[in-house]
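Visitor: I'd like a quick tour of this one. Could you put it up on the screen and take my questions as we go?

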Amino acid sequence: MKVFCGRANPTTGSVEWLEEDEHYDYHQEIARSSYADMLHDKDRNVKYYQGIRAAVSRVKNRGQKAVVLDIGTGTGLLSMMAVTAGADFCYAIEVFKPMADAAVKIVKKNGFSDKIKVINKHSTEVTVGPDGDIPCRANILVTELFDTELIGEGALPSYEHAHRHLVQENCEAVPHRATVYAQLVESRRMWSWNKLFPVRVQTSLGEQIIIPPSELERCPGAPSVYDIQLNQVSPTDFTVLSEVLPMFSVDFSKQVSSSAACYSRQFEPLASGQAQVVLSWWDIEMDPEGKIKCTMAPFWAHSDPKELQWRDHWMQCVYFLPQEEPVVRGTAHCLVAHHDDYCVWYSLQKTSPEENGRVHQMRPVCDCQAHLLWNRPRFGEINDQDRTDRYAQALRTVLTPDTVCLCVSDGSLLSVLAHHLGAQQVFTVESSAASHKLMKKIFKANHLEDRINIIEKRPELLTAADFEGKKVSLLLGEPFFTTSLLPWHNLYFWYVRTAVDQHLGPGAVVMPQAASLHAVVVEFRDLWRIRSPCGDCEGFDVHIMDDMIKCALDFRESKEAEPHPLWEYPCRSLSEPQRLLTFDFRQPVPQKPLHAEGSMELRRPGRSHGTVLWMEYHLTPDSTVSTGLVEPAEDKGDCCWNPHCKQAVYFLSPTLDPRVPLGSPQAVSYAVEFHPNTGDITMEFKLTDATD
């Protein structure tokens with residue numbers, strides 16, 4: 001059966017109704033899931049297996065039958081480990097139906113159908129009793145309900161319910177315990193992901209400074225954690241202010257509470273500085289003695305950095321204090337970890353909450369609009385003074401005293417730059433209420449509320465009256481739009497340019513004047529694992545999962561490139577960067593498709609895991625801003641990526657399975673087409689050898 005799905009097109013700005021398979025959303029979730037990454041996590045799998053063996057052994061040594069409850073079974077891997085370890089029976093709970101169906105097949109394929117029952121329900125809906133889903137309470141609880149923040153996927157409520165209704169008192173639990181750690185640091189780079197810094201603009205009248213509104217200064221920020229590959233942040237980018245502090249632990253073998261709580265740890269700063277950021281991670285102990293441990297610690301806090309396991313399904317956390325606070329070396333402070341049922345946040349106090357009687361249980365909420373409009377990389381992009389200087393330099397070459405400027409980008413400071421650099425009149429289009437409110441605050445803080453006109457309309461609805469009867473002589477964009485996921489989605493600027501064509505005066509300048517799509521073939525150090533088939537995992541056949549992912553990837557959108565912040569994922573270029581398509585913003589969007597095909601020669605040896613794509617914006621003939629490579633590749637091919645943008649990765653399937661030997665591919669062929677009517681870019685990349 002086919003169904004109609006509404007989809008906002010991020011490139012054209014229109015809402016489209018598309019006919020999709022009824023299981024479309026399932027396929028999308030499977031295709032972009034972390035199942036492959038988890039199955040490739042050798043450290044995780046081995047430690048779980050060791051913990052399960054030990055738990056089953058303890059139950060058997062007490063003369064009891066080992067009855068296992070596996071919540072969030074996924075592929076059924078942990079249940080199969082339990083049966084192999086000697087468990088008498090396993091009840092495997094999986095709420096996601098396609099995954100539950102796959103688990104049934106995988107369990108059958110491995111010969112465990114008589115010992116494992118897969119239950120397609122949320123664990124809170126499972127019933128116990130003669131007529132229930134399970135006949136009696138289990139005495140071993142096995143779960144993998146964790147995210148990078150530990151509790152963000154609802155682990156606490158699930159454990160709370162399981163202990164009350166599904167497992168025996170003092171049951172064995174794998175994992176047995178989790179501990180959350182924190183380290184206080186000062187970091188201008190990371191703080192720039194959370195606060196708006198003053199922006200400096202050199203003008204003919206001297207330096208002008210765009211100051212952030214007081215509301216942004218006071219705002220505690222967004223409540224969401226920023227999860228990143230912390231191992232890719234250079235130690236030179238932060239100053240450590242505290243030792244690694246164990247903040248709180250959760251014993252999963254006992255009754256767990258999902259109620260809000262806080263935990264304080266007193267410490268003396270290792271150095272004086274500005275406390276801004278809390279780096280956090282956790283470990284899980286699979287046994288009561290803590291001998292079997294799986295840790296997410298970054299390399300500088302790892303007991304054996306050489307044994308560091310790469311993984312993408314669990315990373316590390318960056319939290320921002322509500323305000324930066326000075327700390328003095330040797331002076332006692334308290335770092336406080338707060339959590340509710342799904343979220344963790346931190347505060348810094350001079351005395352413990354128990355002493356001063358003040359416990360801030362409320363989750364921080366953004367009240368300045370900026371954290372609702374700008375994500376963390378966007379804050380960093382706006383705070384990048386070098387990037388601002390490049391736009392300012394380009395603007396100086398096109399602005400004249402009688403310029404009427406229209407700025408089109410979401411929550412952009414370009415309109416302020418244009419004003420300070422001498423534009424006669426500046427208009428900015430802010431389509432959303434959030435961006436409109438934020439820009440009003442910024443303009444007011446800089447006494448520009450009467451100098452820059454904000455238009456809260458969709459661009460295609462603009463009229464001559466909105467411009468007070470004047471013609472626009474400079475159409476300006478970064479371009480940046482909050483709806484963009486892939487690099488070329490910001491081509492929405494081209495559609496805006498087309499929509500406002502009637503409002504452009506003779507000889508109007510468009511900046512950027514053009515954009516181009518670029519690509520390079522790369523070998524990833526680790527990222528390839530998230531799309532690599534697993535085959536066998538700890539001796540269990542999971543080919544069915546591989547086939548399921550492959551089937552999901554056959555769907556239309558799943559064949560597209562996918563966004564990744566590649567500064568977090570090291571890779572080597574195997575080819576030279578190549579321009580694939582050019583988009584001329586000086587002209588309206590064309591009626592006919594733009595097409596390109598050719599090949600990229602492989603100049604370095606390596607496994608061609610994928611093609612990386614990005615956009616470059618040509619502000620003027622002499623000035624270009626790249627959202628991808630920002631420096632030429634080094635001799636070995638190591639890539640340096642724009643840290644504020646996500647690049648697009650098109651994985652080359654044949655190379656993702658390390659067990660499959662490859663020939664000697666000489667090139668990657670490509671066919672790329674831009675479709676003006678939909679704004680989509682379709683593409684295909686293939687490995688070719690010398691005989692092709």
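Guide: One term before we start: two strands pair if DSSP finds at least two bridges between them. Keep in mind, too, that this is a predicted model.

Visitor: How many bridges join E3 to E6?

Guide: Look at Asp70, which stands opposite Val142 in E6. E3 and E6 run parallel. Pairing takes at least two bridges, and the number joining E3 to E6 is 4.

Visitor: In what order do the 5 strands of the open sheet come?

Guide: The pairing in this sheet is parallel. Its edge strands, E5 (116-119) and E7, each pair on one side only. The twist averages 25° from one strand to the next. Reading across, the order is E5-E4-E3-E6-E7.

Visitor: What angle does the direction of helix H3 make with that of E7?

Guide: Helix H3 covers residues 42-61 and packs on the sheet. It touches E6 and E7. Its direction and that of E7 make an angle of about 145°.

Visitor: How many residues of helix H6 are buried?

Guide: H6 spans residues 155-165 and is mostly covered. Among its buried residues are Leu156, Tyr159 and His163. The buried residues pack against several strands, including E3 (67-71), E13 (245-251) and E18 (333-339). Of the 11 residues in H6, the number buried is 8.

Visitor: Which residues do ring pairs link into a cluster with Tyr159?

Guide: Tyr159 is one of the buried residues of H6. Ring pairs tie Tyr159 into a cluster.

Visitor: Why does the pair Phe427 and Phe467 count as edge-to-face?

Guide: By the pairing rule there are 28 aromatic pairs. In the Phe427 and Phe467 pair, the ring centres are 5.3 Å apart. Planes over 60 degrees apart count as edge-to-face, so this pair gets that label from an angle of 85°.

Visitor: Where in the chain is each of those two, and how many residues apart are they?

Guide: The pair links distant parts of the chain. Phe427 is in strand E21 (residues 425-429), while Phe467 is in the loop between strand E22 (452-455) and strand E23 (472-476). Their separation is 40 residues.

Visitor: Which ring does the charged end of Arg378 sit over?

Guide: Arg53 gives one such case, with its charged end over the ring of Tyr49, 3.8 Å from the centre. For Arg378, the distance to the ring centre is 3.8 Å. The ring under Arg378 belongs to Phe480.

Definitions and conventions
Residues numbered from 1 in each chain as written. Predicted model: local features only at pLDDT ≥ 70, side-chain atom pairs only at ≥ 80, totals over all residues. Heavy atoms only, no water. Buried < 20%, exposed > 50% of the residue type's maximum accessible area, 1.4 Å probe, protein only. Contact = heavy atoms within 4.5 Å. Phe/Tyr/Trp six-rings, centres within 6.5 Å; stacked < 30°, edge-to-face > 60°. Lys NZ or Arg CZ within 6 Å of the ring centre and 35° of its normal. Axes fitted to C-alpha atoms, helices over the stretch in contact; angles between N-to-C directions.
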